[in-house]
Amino acid sequence: MEEAPLPDYGGDGVDYSYLFATNEIIDGFENAANWAKQVAIESGFIFISSSYKTTQKDGRKYHYLKCDRGRRENNCRDPETAKRPNTKSKACGCRFMIKCEQQRVEENNWVIELLHDRGTHNHTLIVYPEGHRGVSGLRQGAKEVVREMNDAQAKPKNIMVAVKNKFPDEHPNMRHIYNFKEKTRREGSEGRNVVEQMLHLAREHDYINWVSCSDRTSKVINRAFLAHPAIVEVLSTYPLVIGLDSTYKTNRYGFPFLEIVGVTPTNQNFLIAYAFMKDETAAS
Ligand SMILES: [Zn+2]
């Protein structure tokens, strides 16, 4: 069948179907489609799945995933009632699609098949504001939400739900949330690593701190001791019972973590100080 040449909206002529080349057998169409949709978003376009049920002659089901700009221009919604003024997803007749195919009639195993004559887009791909596509995956508004909730110590999965509710057009995944969290944490600590940041905060909040290095030149910390000033006051009031205990293998440096605990006459415990040590020698 002869087809009319497509109008061009800045397509680069690259066959992008290779992005979806996989020999993987995927459990269920949903999972196959979700994977492909995520790859598409990270590459700068959006997939929609064909809604009609389709079955091949041998009874195996299949679905096409099509570029969302493939809708024909003249079946567009009435511009006055259109709710999404999103010019990026304006339909332009793009023909990019891939095929998801059930492997055997009796099983729910799916494979992805590339359609090489349908591998190019006739439009520019979305370039995310950061300049590298899909690395962040979050737009400004969503980032604000992540930042605020992160500051309020919200769990990533709750942040995810909030972003999805507030920005139904965003397509974040957990990786985006974690990456952004990590980025804000690094910004907050101004380039200090975890240990430097801990000591920085301790000094900023007037903790009594005592750090020793293995020698003067190497800057390798082998002991760090921290105590909150208010607690030292409490300790001077109730100095009678003090417990010490350390736990092992709970931090990434493999240092024992020592807690020093005091007991009040009302049988309540209070944490006096904690310390990281290289070993449990008397010197430490
Ligand atoms: Zn397209």
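Guide: A residue is buried if 20 or more other C-beta atoms lie within 10 Å of its own, exposed if 12 or fewer, and partly exposed in between, with C-beta atoms placed from the backbone. This is a predicted model, in which local features need pLDDT of at least 70, side-chain atom pairs count only at pLDDT 80 or more, and totals for chains, interfaces and linings use all residues. Residues are numbered from 1 along each chain as its sequence is written.

Visitor: Which residues of α1 are called buried?

Guide: Ala32, Ala33, Ala36, Ala40 and Ile41 are the buried residues of α1. Helices are DSSP runs of H or I with at least four residues, strands are runs of E with at least two, and both are numbered from the N terminus.

Visitor: What covers the buried residues of α1?

Guide: The cover includes β1 (26-27), β2 (47-49), β3 (62-67), β4 (97-102) and β5 (109-114).

Visitor: What makes a set of residues a nonpolar core?

Guide: Its members are buried Ala, Val, Leu, Ile, Met, Phe, Trp, Tyr and Cys residues joined through C-beta atoms within 7 Å. The largest such core has 19 residues, and Ala32, Ala36, Leu65, Cys100 and Ile112 have the most contacts inside it. α1 gives the most to this core, with 5 residues. A second, separate core of 8 residues includes Leu138, Val146, Val163 and Phe180.

Conventions
Contact = placed C-beta atoms within 7 Å.
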